[in-house]
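Okay, thanks for making the time, everyone. Let me put the structure up on the screen, and then I'll walk you through it.

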Amino acid sequence: MSYLQSKVQSFNANLGNVAGKISNKRTVSADAPLVKPAPSPTPSQTSDLSKNDLKRKRPAPSDVVFSQPKDTGMGNEIGTQVTYAIEFLKNKNTPQRLSDILSYLSLQTRDEHYKDLFRRVMIKHTKVNHKPSQGDAPALFSFKPAHNIRSAETLLRHLQSQRTFEGLSVKELKDGWPEAEAEIDQLEAQGKLLVTRNMKDSHARMVWLDDPSLSFHIDDEFQSLWHRIKLPEASVLAAELESHGLKPANKTGVVKKPTKVQEKPKRKARAGGKTTNVHMAGVLKDFSHLKK
């Protein structure tokens, strides 16, 4: 066998081995559906995912305000109901039972703890009069005004009993006496009260006690003569008073002495200093006599 024949035989043997391997591989059926590979993410998508993953998740906002006390639903409601109760007593102007007040405020169905708390707040309030229960008589609550005045006679008696000539606020009087303004107008017309009024609406503002015996009529002729007198101008009046030796209060007779300005002492020149260049005393000239 020649060299060429041996090469041909080895080539055929290798070709058969390769053909067997190819036939053993799995073939894809034509009827089987083709599965598309998932698309690879684009660079922009990968960057968004990485940013979202790295971003810190914040907790959901809470409605709780830690700087404020907890709203128990009790304190504010009690204060509001007490305010309404005081207005109720003020308008009624007569003592009321606790049950009447609770019924007016629609609180009769509340629990006993709430009712007891409401009662204790009403007892301690500065604008509430409390009369404790006695026997079968229940406890009573009434409005307590700044002044216990509810009639014209009581007002005059109160003003007469004062040690000082002090006025009363009409606003405070109207808290316990709603008809005060009409009565004040009548007492003013009778000369029993001095009244100051608001500039805007002319309503009474303050009242003082007046004495009708001090009020008397002046003749119209005298009033006419009085109003005919013409007062001088302010500048002329000041000069006229000064000409008679009267000086205004802001001008005093003390004459202020002028302050002397102290002169600073002149600094004296030094008489002499340390002498140098002693070895040249015979060469240098002395000019100290020329020094000023």
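**Walking through the model**

So, the protein has 10 helices and 6 strands; those are DSSP runs, helices being H or I over at least four residues and strands being E over at least two, numbered from the N terminus. Before we go on: this is a predicted model, where local features need pLDDT of at least 70 and side-chain atom pairs count only at pLDDT 80 or more, while totals for chains, interfaces and linings use all residues. Residues are numbered from 1 along each chain as its sequence is written, and side-chain values use heavy atoms, with hydrogens and water left out.

Overall numbers, then. The protein exposes about 26,100 Å², and carbon and sulfur atoms supply 56% of that; accessible areas are Shrake-Rupley with a 1.4 Å probe, and for residues only the protein chains shown count as cover. Of the 292 residues, 15% are buried. I'm calling a residue buried under 20% relative accessible area, exposed over 50%, and partly exposed in between, again with a 1.4 Å probe and protein chains only. As for contacts, meaning heavy atoms within 4.5 Å, take the ones between residues at least 6 apart in sequence: 44% of them join residues at least 24 apart.

Now let's look at helix α6, residues 152-161. Which residues of α6 are buried? They're A152, L155, L156 and L159. They cover an arc of only 95° around the axis, so they sit on the same side of α6; the arc is taken from the directions from the helix axis to the C-beta atoms. You all know the background: an α-helix has 3.6 residues a turn, so residues three or four places apart point the same way.

Next, Q96, which lies in strand β1, residues 96-97. Q96 is buried, at a relative accessible area of 11%. Leaving out residues up to four places away in sequence, Q96 touches F88, L89, I101, A139, L140 and F141. The Q96 side chain also makes a polar contact with the side chain of T94, at 3.1 Å. By polar contact I mean a pair of N or O atoms within 3.5 Å; within protein, one must be able to donate a hydrogen and the other to accept it, and residues adjacent in sequence count only if both atoms are side-chain atoms.

On to charges. Side chains of opposite charge can pair when their charged atoms come close. The rule here is a side-chain nitrogen of Lys or Arg within 4 Å of a carboxyl oxygen of Asp or Glu, and the count comes to 9 salt bridges. One of them is K90 with D175, at 3.2 Å, N to O. That pair links distant parts of the chain, with K90 in helix α3 (residues 75-92) and D175 in helix α7, 85 residues apart. Both ends are partly exposed: K90 at 26%, D175 at 22%.

Then there's K174 with E181, at 3.4 Å, N to O. Here K174 is partly exposed at 35%, whereas E181 is buried at 15%.

R197 and D185 form another salt bridge, with the closest N and O atoms 2.8 Å apart. R197 is in strand β5 and D185 in helix α8, so this pair ties together parts that are 12 residues apart in sequence. Besides those pairs, D116, R119 and R120 are linked in a network of salt bridges.

Most residues other than glycine have a negative phi. S106, though, has a positive phi near 60°; S106 is in the loop between α4 (98-104) and α5 (112-124), and is exposed at 54% relative accessible area. S202 also has a positive phi, about 65°. S202 sits in the loop between β5 and β6 and counts as partly exposed, at 44%.

Last stop: the surface. F216, I218, F222, W226 and I229 form a nonpolar patch, with about 620 Å² of accessible area together. Patches take residues with over 30% relative accessible area and no salt bridge, joining like charges within 9 Å and nonpolar side chains (Val, Leu, Ile, Met, Phe, Trp, Tyr) within 5 Å.
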